[in-house]
Structures are given as structure tokens and as C-alpha cells.
Amino acid sequence: MTSPPMASNPQRYDMQTLTAAIEQRFGPAVAPSVTDSNGDVCFAVRQPDVLAALSHFLFWEARCAFGGLIVEERDQWNLRYVFRIPRSGWAHFILRLPLETRSVPSISAQVHAADWYEREAEDLFGLDFEGHPRLGDFVLHDQVWQEALTPMRKQFDAQAVDFKKRPRKDWRPALVVQDPGSFAMPVGPVYEGGAAESVHFLLETVGEDVIRALPRLFYNYRAVEKIAEGRPVSDVLLLAERFSATSAFAHSLAFCQAVERALHADVPPRASRLRVALAELERLRRHAGTIAGICHSTALSVSEAHASIIEEQLLRASCQFAGHRYLFGLNRPGGLRRDFDAQTCADLLDAVDNAAAELRKLEERLRYSSSFLDRLEDVGVVSRDSARELDLAGPVGRASGLRNDLRQTCPYSGYENYKFDAPREQEGDGYARLRILFAEAQESIKLIHQALTSMGSGEVSAEIPETWPAAALGWVEAPIGAALHWVRLDRGGLVERYRILSPSFRNWHALHVAVEDFAFQDFPIILATFGLSAAECDR
Amino acid sequence: MELWIGSVLLAFFIVCAAGLILSSLLRESHDTAIIAWFGSVCSILIMAAAAVRLAGGQDFSLDLWVLNGFGPLSLHVDALSAVFLFVAGLVYLSCCIFGSDYLLHRFGGRDSIRRYAVLHFALMASVVIILIAGDALTFLLSWEFMSIVSFFLVNYEHEQQEDANAAFIMLAMSEAGFLAVVLAFLIAGTAASGFSFAALRASAGHLSPAGAWGIFLLGLLGFGVKAGLVPVNFWLPRTYTATPPAFIPILAGVTLNLGIYGILRLNGDLIPSPGIGPGLFALILGSITALVGILYATTENDLKKMLAHSSIENAGIIIAAVGAFLVFRSSNNPVPAAIALTAALYHMVNHSVYKALLFQGAGHIEGSTGVRDMDRLGGLIRVFPTLSVVFLVGSLAIAAIPPFNGFVSEWLTLQTFLRSAVLPSPLVKIVFALCGATLALTAALAVTCFLKSYAMSFLGIRRGDWTPDYVGLARKAKLSMSLLAAACLLLGILPTYVIPALDRAAEPLAGASATAALVPPFFTATQSNQQLPAAFLQDFHNLGAQTGAGLIPGRGMVVLLRGSEQNPVVFAMSPFYAAAALLVLLALTWIIVKRLTRQRSLVLSETWAGGIPRLLPEMTYTATGFSNPVRVVFQAVFRPNIIEDTRETVAVHFRTAIRRRREEIHLVDRLFFQPIGGAVSGLAALLARMHHGRLNAYVGYVVSFLVLVLLLYRLS
Amino acid sequence: MSFWFWYGLRKGIQTTRYPWAPENAPGITPGRPLATEFASDEEASRAAANCPVGAIHANGRRAVVDLRTCVWCERCHFGVANPLQWDTSYEWARTAAERSASAAMPAAFRKSLHVMLVDAGDCGACLHEVKRLNNPLYNMHRLGIFLTATPRAADILLVVGPVSENMRGPLLKTYEAMPEPKRVIAAGTCAITGGVFGRSFMSAGGVGAVLPVDLEIPGDPPPPLSILHGLLIAAGRRTPSAAPEFVGEEG
């Protein structure tokens with residue numbers, strides 16, 4: 001899989017030069033527009049056929065990152081392609097089509113990272129993406145659901161629970177390997193005794209190595225985006241928090257930031273600092289858990305015990321600090337729901353310092369365990385080219401050399417005022433991902449210190465006086481990677497459309513690249529080094 | 001006694017001739033019955049004659065007519081012939097029944113059954129004559145006849161071009177081997193007064209070492225064609241695959257033994273080898289053959305081809321044991337030599353029985369489903385319940401799992417290698433150790449191979465889309481296969497009765513009896529004597545050797561190898577007691593489970609597959625996948641050529657097909673016949689330049705040759 | 001490799017003494033809301049209105065909490081005018097109302113219980129809390145409780161998540177693949193009543209809609225000791241707690 005050739009002049013673009021370049025190349029087909037995105041730059045795409053060339057230009061020549069595809073059914077189809085311009089922020093490219101349109105050109109050949117977004121849109125909205133060779137059997141599994149259900153369309157009632165599912169008896173998997181004697185080993189959805197989340201894989205093999213991995217997710221699909229429609233913001237905040245509870249604070253923060261941007265609400269500085277501290281606490285805890293998972297997969301029991309003790313201490317520290325082990329119920333649009341006194345903050349800093357020392361000790365020891373490193377080094381390698389092609393998110397992308405940390409590229413909640421590193425590695429193997437986890441954990445501890453020390457006094461929450469129809473994007477660097485939440489509010493302050501672009505969705509797509517051409521026994525280890533969450537992907 | 005044997009053999013020939021004549025005269029529809037009945041009677045007669053000889057009779061000799069210039073044609077039945085005769089009879093008994101059943105189902109009303117029946121009886125007669133021949137001419141004439149009739153039987157379904165090619169290769173190799181054997185006999189005859197076996201045996205000492213070596217090599221490789229030794233066995237996999245299923249159990253169970261008989265007769269009996277060199281050569285060649293055979297068998301997916309490679313492996317084990325026998329005999333260790341030869345003969349018997357059984361099973365599967373590829377089979381246990389049981393018995397036997405017969409002969413063979421401690425030279429001991437290790441590796445791979453073949457063909461779910469023509473075994477096929485399965489079991493649990501019988505053949509060749517060394521008379525010897533010192537009896541009593549003394553007649557049920565004064569008993573085993581203990585444990589377990597689960601109900605539900613709606617055939621393990629580790633570890637042997645390794649993509653990133661195909665050329669082909677064939681073709685191409693069609697040059701050739709001859713005549 | 005052995009020994013035993021001694025370390029549980037007496041009916045109603053999922057009911061001056069519906073959003077706890085009282089307990093498991101038979105397994109399973117854990121649409125928190133039971137601080141192995149890899153060897157089916165429709169089939173297959181005797185435990189509010197996801201075309205609204213549930217463990221997520229308590233009830237070593245704050249059971 002080679003990337004399309006580089007442009008003759010790899011120029012670095014910022015927002016102005018990019019706008020100029022777009023105007024020059026795509027002329028009347030793509031024009032800047034001033035619409036409802038509250039601070040983000042928008043472009044209206046007037047002709048669908050220019051979409052492929054435009055996305056190629058943005059992704060490869062302008063080196064933009066692909067944020068995701070947001071589909072809305074209003075009086076027209078609104079297809080919103082979100083890109084991140086380096087050093088400049090978000091740009092939305094909106095294609096509006098009449099509702100009778102059934103097909104849209106696919107951009108997956110140019111931007112492979114868009115593959116799953118288009119498949120999801122086809123399954124949930126019924127839009128056909130021309131040129132995408134593998135639509136269908138994605139969210140609603142063909143083996144179980146009938147075709148053309150399109151639950152995200154307005155006419156579909158989310159409470160319609162008594163229709164009959166019509167399973168297909170003659171379903172066969174789309175196997176690709178044609179080697180005499182190859183077969184597809186099924187893994188899941190219930191496997192490892194349930195200690196793993198519900199994901200199904202078909203690993204095509206001739207016996208030793210995995211030649212091709214065919215994942216099937218959405219076993220945890222609870223249609224969060226659908227049931228959020230028409231509910232008040234405070235209810236949708238609950239959904240935002242709980243669709244993936246291991247990154248609960250990060251997602252609730254993204255949602256609150258989206259609402260705050262939509263309603264032009266300011267967040268008091270004390271609240272911003274506390275938000276940073278809590279987000280980093282969550283990141284630290286989740287990274288400790290991922291490290292424990294990697295040690296578990298390589299069966300190095302004592303190190304797994306050590307790492308899981310560190311994680312449990314952090315969970316208990318979170319509970320003492322914030323009243324809930326997973327930091328539920330803290331965010332609200334406009335700030336935080338509660339304040340924290342100085343003693344509580346000092347206790348948290350002690351606990352976090354303890355964790356820092358323990359993690360350092362653990363990392364030192366693991367560095368010298370050659371049998372452990374043997375299972376991780378040069379295993380599950382994702383090359384830099386593949387990582388760029390698939391636009392990997394989070395620590396996994398950074399382990400392959402990408403620069404994708406939103407805290408530095410698109411700072412929010414005051415991150416621009418803190419001093420911290422976003423560590424990057426080049427090898428892209430399991431060991432690189434492990435090193436990134438340890439390094440980021442130490443950076444998070446530094447950030448917590450910076451956030452909580454000399455925190456000014458003041459309010460932790462600002463009231464949002466009124467609400468009006470508005471839409472905005474909120475983003476956050478969740479522990480797994482960049483998470484984007486898009487919210488559209490209607491006149492009564494209810495949520496009209498809620499879209500979650502989660503990092504796990506992006507990284508589950510890329511997992512097969514890491515797993516293929518490695519032995520079967522490496523599959524659980526590679527899976528552990530990715531540290532993914534099926535619930536976050538499935539929503 | 002002698003007369004008894006003679007008259008039984010005469011009866012056999014009469015019945016065989018009657019069968020031949022009747023099958024050619026009577027109507028088609030009777031032919032299968034004739035094959036079954038007359039063939040069974042013939043087989044029983046053969047077995048009776050052999051049994052009488054083995055039970056303690058005398059050799060039987062008969063001079064037939066005398067040919068001018070060649071000497072008398074004679075027959076001679078000694079113990080070695082009797083052993084091979086018995087095995088041939090047993091296998092023929094089962095195969096006549098199976099063959100007639102198979103032909104009935106397969107060919108129905110076609111006219112070719114008559115041809116098959118006639119050839120069948122002709123082959124039976126020629127096989128018996130080979131085994132009872134008393135002089136070289138009878139032997140060679142009947143051998144050639146057997147080769148040709150085998151060719152016709154192999155070529156029976158000659159409509160397929162590749163089958164015809166395979167049969168032709170077999171014929172060509174048989175003739176080449178035959179030529180080598182004729183040469184060997186001629187060399188042997190230079191020092192002898194006549195061509196009878198007695199004369200050849202008597203004058204063996206007068207041969208020069210070079211002559212003796214020449215006879216040995218020509219005999220080993222010439223007979224090795226039929227036996228299946230590397231490098232002259234490259235015809236075997238192809239031919240076995242092409243042979244019709246009615247005939248192949250006979251090809252594998254009887255004809256292969258003829259090659260071993262030839263080696264034993266020529267190199268073991270008539271012309272003893274000079275020194276330990278030939279024995280070592282045979283040992284090494286046998287071990288290599290065994291390893292190559294089982295490697296290709298393990299990675300082979302075609303049932304018949306896999307069994308063919310396995311035959312090569314077993315032949316290698318037998319020849320390795322024969323090589324050990326030759327080495328021990330040449331270095332004056334008659335008792336280990338006898339043990340080695342007994343092991344070789346035991347393995348030959350076992351191999352015939354379980355290979356015939358497995359081939360019958362494979363033939364049945366092929367006839368009913370039309371599929372031989374293990375990757376596409378699966379789930380046969382539901383289609384053929386009885387076949388599953390007997391095929392399992394055959395697989396366990398060939399994988400050398402107690403209490404079946406393969407275990408005993410493998411155990412004996414490996415034990416003879418451990419006996420190499422008595423040999424003088426350290427180099428020879430090293431060779432023995434390496435060959436022993438090779439055979440141990442072979443045994444382990446054999447377990448993998450047959451585990452794979454049984455599990456992938458019978459268990460699991462059906463992987464290909466075929467439907468069986470008939471479900472379940474016919475009565476006759478059940479009978480024939482059960483007979484062989486019962487033989488597998490009996491030969492396994494009663495080794496203490498088989499070894500004395502085989503020893504009658506081993507003793508005259510080795511010079512000592514193996515019975516006393518392997519199966520001492522525990523039940524009858526109450527106190528120590530010269531052969532059974534007290535320490536030995538005590539040790540053996542502690543092993544429970546005298547359990548069942550009041551119940552079981554005979555020498556006891558334990559096979560052992562004796563050591564020194566300090567260590568009287570070195571190795572001992574008893575499949576009989578193991579089987580008995582197994583039965584007792586199984587019965588006990590069954591009783592306990594029945595008691596404990598009295599109030600439980602048994603629910604049969606589908607296989608747990610992780611919660612997916614349906615487990616599809618493409619999600620189950622294939623035979624290729626199972627044997628992949630062997631393919632990967634021994635890659636240097638297989639050296640696959642990657643024919644295709646392409647990835648097709650659509651829209652740059654989406655893979656639609658990953659195509660990989662590999663081609664493997666057999667090791668022997670790669671190392672021997674491709675270079676030789678290439679050289680010969682090259683030479684022929686070179687010589688072809690002479691044939692350019694110009695008449696002047698041809699005249700020139702004649703003239704120059706004439707001048708050359710005249711010059712030579714002048715100079716001499 | 002010998003380093004890790006000594007390292008582990010040096011770390012000593014850090015396991016909790018629960019269930020033989022009460023565990024009171026800070027942070028092991030978020031606690032739960034308790035029924036609270038207010039000064040007036042109006043305050044109780046205002047307290048009840050704080051709950052986004054309607055788990056608080058005002059009974060005169062008393063506000064009671066239906067733990068089966070509570071999602072632990074803590075909006076009744078912090079930053080609100082009429083907060084409810086909270087405790088720091090964790091022993092919340094109770095037998096499901098519909099079951100008349102005991103939730104406990106036969107006596108043979110007291111000291112050896114094999115648990116099949118199924119993620120049926122869970123958000124990840126409940127699953128994570130169950131997996132915490134394997135870490136040295138809780139260590140359910142010392143009590144003879146194990147997670148199995150296959151339902152064929154399992155006694156208890158522990159389900160987390162509101163049962164998304166795509167997991168309904170696999171969950172049923174898992175249940176059918178388990179031999180008798182077996183019990184079903186629904187851990188977490190999502191598994192009991194559907195939690196914040198409720199009942200929709202993709203969510204069955206709790207395990208009770210799909211399988212017969214024997215034991216319910218409220219919590220969002222239930223802390224590890226709470227789940228351990230539930231498993232001990234299933235093993236027959238604890239009796240379910242009386243929970244007067246559950247709606248419909250108090251006077």
C-alpha cells in the first residue's frame with residue numbers, strides 16, 4: 001500500500017495559504033463559507049466530484065489530519081468533512097445534497113482513514129459511497145440484521161423495539177486469502193473468558209502467521225447518537241460520559257467544550273486548571289491500566305501485579321479526590337460541578353507522586369527483562385507510512401512518529417500555558433508503544449503538578465444564561481487519542497444532532513496492519529499494546 | 001509334515017487355476033463372487049501351509065523339471081518364505097473380500113471385471129511362486145511375471161493419461177530393478193556350480209570382496225525399487241495414487257514385501273555381506289528413507305499419496321533394521337542380529353496389515369465421496385461410523401500407539417539400536433546412535449501425520465461440498481477391515497506368541513535364537529538355571545512377569561531385553577498387560593461415572609465457537625494448517641518454489657485477493673532425477689546433432705567405423 | 001528472570017482481608033445515596049428533581065432512592081442545594097425480585113466458583129471493575145473464584161452492559177452453552193435496568209429482558225468489593241443484604 005506521490009513542492013500551509021491554494025485549485029467548486037461552526041473555518045463544496053481531489057490535496061499535500069465525517073439529515077444532506085490544518089485548527093468542508101440523493105463519491109481511495117466513516121454512514125444513513133468497494137455488514141451485521149434499516153434517519157423511531165430481525169442464513173465471510181489450505185480462525189465475540197471486550201475477528205491463516213485480519217466490531221453499539229437526539233444537554237452529558245467510561249472525563253470534557261463553543265460560554269480559569277488536572281489524572285490511570293494489560297498479555301505476572309496495583313491506587317485516589325473512581329459527574333457546560341479544597345488537592349498530588357515513583361521503578365525493571373522485550377520488540381510494527389495513511393490517533397500514532405497530540409497542535413482548556421512534552425518514537429512496534437505510555441504518564445504527572453499548584457481562587461462554573469440554535473465542535477486529547485464531539489442545539493436547547501468521532505474507531509481500523517504477517521501468539525500482545533476500547537468505538 | 005505342506009500348496013495352485021479359468025469362462029456377474037470365494041480359499045490355503053512350516057515343521061523342497069543349460073527349476077519352502085507367505089495370505093484374504101465388494105459397487109456392469117479377476121489370480125500365483133522359489137531362474141521368471149501383471153493391474157483404469165504415465169513409470173523402474181537383480185544373480189553365479197539357492201549359498205565364500213559388494217548394492221537397490229528405498233522409490237507415490245483402490249492394498253501389503261523378501265534372501269541368506277560396510281550402508285539408507293518418507297507424508301494432503309509416503313517410511317524402518325542385522329551378524333553378535341532380524345520381520349508383518357487396512361479405508365472414502373484431499377473432507381465419522389472405528393485402529397497402529405501392533409515392532413527396532421553397545425568400533429556406534437535418533441524422529445512425525453489424517457478426514461465438520469454415494473460400509477467391507485483391525489490388535493497384545501514364530505525364520509540367518517533373549521519362559525521356569533540366573537528371575541518377578549501364570553499358556557506376556565549381571569533386566573514391556581489394565585480402568589471409570597451421574601441428564605448442543613451465529617467450514621482448521629509447523633521447520637528439505645504471491649487491491653487500499661501458491665519438488669527428484677535426467681537429455685541433445693539427415697555424412701559414419709574396426713583387428 | 005520472583009516477595013502481601021474483616025481503605029467505593037429526611041415536602045421534591053434518571057422518589061418529607069435505577073451521576077451529592085446523604089458501603093447485591101429460588105449455588109460450589117464474564121454492550125467501567133478483582137489488592141483467587149475462558153466450564157454468568165442487540169445472540173448462546181447448575185448475575189445499573197441507555201432498538205434495557213437474572217449488583221460501576229460480595233452470595237457464603245431504600249420495599 002503505497003501513498004500517492006508527494007506534491008512537487010511540499011509546501012507548508014497555514015490557514016491563509018491553504019484558503020488561497022484551495023481557491024486557486026478548486027475555484028468555484030469549493031468556496032469559504034461563513035456558517036454555523038463557531039470559530040472553525042468552513043468551506044462549502046458545491047460539486048461532489050471535486051471531493052476526491054480535494055481530500056487528496058488536503059491530506060497528502062497540505063499534510064492535514066483527517067478528523068472525521070459528520071453526516072446530518074436536515075432539509076438537505078449535510079456531509080461535513082473535518083480536517084485539521086497543521087498549526088491552524090479545524091476546517092470543515094461541507095457538502096450539501098438534496099435528500100433524494102442516494103450516492104456520494106467516496107474519498108477512501110485518497111484518504112484511507114475515511115474508510116470506516118463512509119461504511120458507518122452507509123449502514124446508518126443509507127448513503128451509497130461510490131467507489132468504496134466494501135460497503136455493508138459494518139454496524140448492523142449482515143448475518144443478523146436485514147438490509148436497509150438506516151436507523152439514523154429521522155423517520156426511524158429509536159423506541160421501535162418490536163420489529164423483527166431477519167437474519168441471513170446464507171451469509172459467508174468476505175475472505176480474501178486464496179491459498180490452498182487457508183482458513184479463517186474465528187476469535188470472539190466472547191473470548192478470553194470475557195476479560196476482553198466483545199470484538200470478533202476472522203484471522204485468515206495457513207497455520208502459523210496471520211495473513212489477514214478481518215475485524216467486526218459494533219457488538220457494543222448502543223446507538224448513543226440516535227438516542228441523544230431530542231434530549232436536553234444535561235441528559236446527553238450523561239451519555240457523553242458513559243458511552244466509554246474508561247475515558248469518561250475526556251469525553252464529557254469534549255462535549256462540554258462543544259456546548260460552550262456553541263453558546264459562546266467562557267470557562268473560569270480555576271475550572272480550566274482543574275479540568276486539566278482531572279484529564280491528566282484520567283490519562284495517567286488509563287495508561288497504568290494499559291501497561292498492566294501489556295504485562296498480562298506477555299504473562300509476566302509480577303509486573304502485571306505491580307502495574308495493576310498502581311492503577312488501583314490511582315482509582316482510589318480519584319475516588320477520594322472526586323467522589324467517583326472513574327471521575328463521573330464532574331463536568332458541566334460552563335465548568336465543573338464541584339470544587340476541591342487545598343487539602344484534597346495536596347492528597348491527590350501525594351498519590352500521584354507515589355504513582356510516578358512506582359511507574360519509574362517498573363519501567364526500569366521492564367527495560368531489563370529480555371524475555372518480556374522479546375515479545376514486544378519488532379512485533380506489531382506499524383510503519384510511519386502506514387500510520388500516516390491511516391491517520392492513527394493517540395500514543396499508537398505517536399509511537400510510529402506522527403505528531404498528533406491535540407494538546408499541542410490544537411490546545412484547549414489552557415494547555416498552551418503548560419510546559420510538557422508529547423513524546424514520539426519512530427519504530428512503531430510494541431515496545432515503542434510501551435515506552436510512549438510510560439513517558440506520557442510521567443508528563444501527565446508533571447501537568448497535574450502545574451495545574452494544581454498556585455491555582456487561583458474563584459468560581460469553578462459559569463452559568464450559561466440562554467441557549468439558541470448553534471452547532472460547534474469540541475475536541476480533546478483522550479487517553480487513546482484525539483476525540484471530537486460535534487453538537488447541534490435547537491431552539492429549545494435540546495440536542496438536535498450529536499456526533500462522536502472517537503479515537504478507538506480510528507485505531508481499530510488500523511489494528512489489522514499491525515497484526516498481519518505476525519504469528520498467532522502475538523495477536524493478543526499486539527492487541528494489548530494498542531490499548532483500545534471497543535465501547536468507545538462502538539458507541 | 002513336508003508332504004502336508006506340499007499337498008496344501010498343490011491344492012492352492014489347483015484352486016487358483018480354477019478361479020482363473022472360471023472367471024474367464026463364466027458370466028461377468030459371477031466374477032466378483034469368484035474373486036471373493038476362490039480368493040479366500042486360496043489365501044487360507046497359503047496361510048495354512050505357512051503356519052504348518054512355522055509351527056515347527058521341516059523345509060519343503062521340490063524339484064520341478066530341468067532346463068537345458070540352466071539347471072533344475074525347484075521349489076523350496078523354508079521359514080523365511082513361510083513368514084512372508086503367511087503375511088501374503090492374510091492380506092490377500094482381506095483384500096479379496098474387500099476388492100470384490102469394491103468392484104461390485106464401482107463397476108457394476110462393465111466388462112472389465114473379467115480382466116481384473118484373471119489378472120488377480122495370476123498375480124496371486126506368481127507371488128506364491130516367488131516366495132517358494134528354490135533357485136534363481138524360477139525366482140527371476142516369476143518376478144518378471146509379477147511385475148508385468150502388476151503393471152496391468154495398476155493400469156487397470158487406463159483412461160486417465162496421468163494414471164497411464166504413472167503405471168509406465170512403475171513398469172520402467174521395475175524393469176530397471178529387475179535388471180540389477182539379474183546382474184546380481186549372475187555375479188553370484190560366477191563362483192557357483194549352478195543357480196539353485198543351495199548352490200549359491202554354498203559358494204558364497206568364494207566371491208571376491210568387490211563381487212560381494214557389487215551383489216549387495218545391486219540387490220539392495222534392485223529389490224529396493226519394489227520395497228521403496230530412496231532414491232529408487234520416486235515411482236511409488238505417483239503409482240500408488242494412480243492405482244485403483246481395489247488393487248492398492250495388495251500393492252502395498254504384498255508386493256512391497258516382495259522387495260524386502262528379495263533383499264533378505266539375496267543379501268541376508270544367500271550371499272552374506274563382507275564386513276560391516278554393507279550393513280551400515282543399508283542402515284543409513286533405511287534411516288534416510290524413513291525420514292524422507294514421513295516428512296513428505298506429514299505435509300501431504302492427499303490421503304492416498306500420504307499413505308504411499310508412509311509406506312516408504314515403513315520400508316525404510318524395515319531396511320534399517322535389516323542393516324542392523326547385517327552389522328551385528330558380520331561382527332559376530334548373533335543374538336543381537338537375531339533380535340534385529342526379528343524386529344524387521346515383525347515390522348514387515350505389521351506394516352502389511354495396517355497399511356492394507358488404511359488403504360482399504362482410503363479406497364472406500366474415495367469410492368464413496370470422490371474426494372481424497374483431506375482439506376476438503378471432514379465429518380466422515382457421521383457418514384461412516386464403522387469405518388471410523390477401523391480406520392482409527394489402523395491409524396493408532398501405524399502411529400505405534402500401544403496396545404496395537406505398531407508399538408511392538410517400533411519398540412523392538414529402537415531397542416536393537418540400543419544394542420549397538422556390543423559393537424567394537426566407536427564410529428559404528430555413532431552411526432547407530434544417529435540412525436536411532438532419526439528413527440525416533442520418524443516415529444514422532446508419524447504420530448503427527450496420522451493424527452492429522454484421522455482428525456482432518458473424520459472429525460470436525462464437512463469442509464468441501466461433496467455428498468457420499470453410499471453411507472456406511474457394506475457387510476463385506478466391514479468383514480475385511482475388521483479382520484485386519486483384529487489382526488492389528490492381536491499382533492499387538494500377543495507379541496510373545498509372534499516372536500517365537502518369527503524367530504524360526506531369523507535363527508537360520510542370524511545364527512542364534514532371539515526367543516530366549518526376548519521372551520524367556522517365565523511361566524515354566526520355576527528356578528534359576530544357566531539361561532535364567534536368580535537375579536534375573538527376581539527382577540522379573542518384581543515386574544509382574546508371572547502374573548497370570550495359571551491362566552495363560554505359554555512363555556509369559558512380557559517382552560524384554562536383557563542386560564548384564566548387575567542390571568539383569570534393562571527394558572521390558574507388555575502390551576497385553578497394558579491392554580488389560582486399560583480395559584480394567586475404562587470399565588472402572590465407566591462404572592464410577594455411571595454411578596455419579598445417575599441423576600443427570602445429558603444435553604447435546606452445538607460446539608462453542610465464541611458466540612458467533614454459526615460455525616462455518618471455512619472457520620475450521622485445515623490439514624495444511626495442522627502440518628504447517630512441520631513444513632516450516634523442515635523448509636530446507638522441502639524447498640518450496642513460490643509460484644504466486646500476489647495481492648490484488650481495489651481503490652489503492654482495499655485488498656480483494658491475496659494469492660499464494662507453492663510448488664514443491666520432491667527431494668529425491670531434486671537431488672537425483674532432475675540432474676540425471678537433465679544430464680541425459682543434454683547428452684542426447686548432443687548426440688542428436690549426429691542425426692542431421694545428410695546422407696553423405698551417414699555414409700561417412702559407416703566408412704569411418706569400418707576403418708576403425710579394421711585398424712583394431714590389425715592391432716590386436 | 002529470578003529478579004521478578006524476589007521482587008514480588010519483597011512487595012509482601014497487600015491483599016485486603018475482606019471478607020473476613022471489613023475493608024475501610026479510602027477510595028474503594030464511591031458509596032451510595034441513602035434515604036434522607038428533609039425539613040419539608042418541598043425540599044424532598046426538589047431533591048428528587050435533581051435526579052436525571054428519576055431514581056429518587058419523594059415520599060412526604062423522605063426522599064428514597066431506587067438503587068436499581070441510580071446511575072451514580074452524583075448530582076444529588078455535590079454542588080446542589082438539597083444533597084442526599086451518602087455512605088461508604090459497598091455490599092449492595094440483592095436477589096432479583098422475580099426469582100423465588102435462592103441465588104446461591106449448591107454447597108459444592110462454596111469454595112470453588114467459575115465465572116463466565118460477558119461484555120454485552122458495557123461501557124467499559126463495569127468490565128474494568130470486574131477485572132480489578134484479579135489484581136493483588138482484591139485477589140479473588142484466594143476465595144476460589146476464577147474467570148473461565150469457556151462457558152462449558154462456568155457456573156456463573158456475570159453479565160455487564162445493557163445487552164446491545166448485536167450481543168443478544170452471543171449472550172444467549174453463552175447461556176445455553178453453560179451446564180446446570182448455573183446462575184446469572186447482572187452487575188451494574190446498565191445490566192439491571194439499562195442505565196442511561198434505557199430501552200431502545202439497540203438496547204434491551206437490562207439482562208432481565210434476555211435471560212433469567214438471579215442476582216443484581218447495583219452500581220455505576222459497582223466497585224470491585226461490591227462485585228466480590230455478589231459473587232460470595234452466589235457461592236453461598238454471604239446472604240443478600242436487606243435494602244430498605246429500594247423503592248417499594250419500605251413501609
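How many salt bridges does the rule find across the interface of chain C and chain A? In this predicted model, local features require pLDDT of at least 70 and side-chain atom pairs pLDDT 80 or more, whereas totals for chains, interfaces and linings use all residues. Residues are numbered from 1 along each chain as its sequence is written, chains are lettered from A and ligands numbered from 1 in the order written, and side-chain values rest on heavy atoms, with hydrogens and water left out.

The rule finds four salt bridges across this interface, each defined as a side-chain nitrogen of Lys or Arg within 4 Å of a carboxyl oxygen of Asp or Glu. One salt bridge joins the side chains of A:R242 and C:D220, at 3.1 Å from N to O. On the chain C side that touches chain A, at least two residues each come from α1 (2–11), β5 (113–119), α3 (125–132) and α4 (165–177); helices (H or I, at least four residues) and strands (E, at least two) are DSSP runs numbered from the N terminus. In contact (heavy atoms within 4.5 Å) are 59 residues of chain C and 71 residues of chain A.

A nonpolar surface patch of about 560 Å² is formed by B:L683, B:L686, B:L687, B:M690, B:Y701 and B:V702. Patch residues have over 30% relative accessible area and no salt bridge, with like charges joined within 9 Å and nonpolar side chains (Val, Leu, Ile, Met, Phe, Trp, Tyr) within 5 Å; accessible areas follow the Shrake-Rupley method with a 1.4 Å probe, and for residues only the protein chains shown count as cover. Helix α25 of chain B contributes the most, three residues, while B:Y701 lies in helix α26 of chain B.
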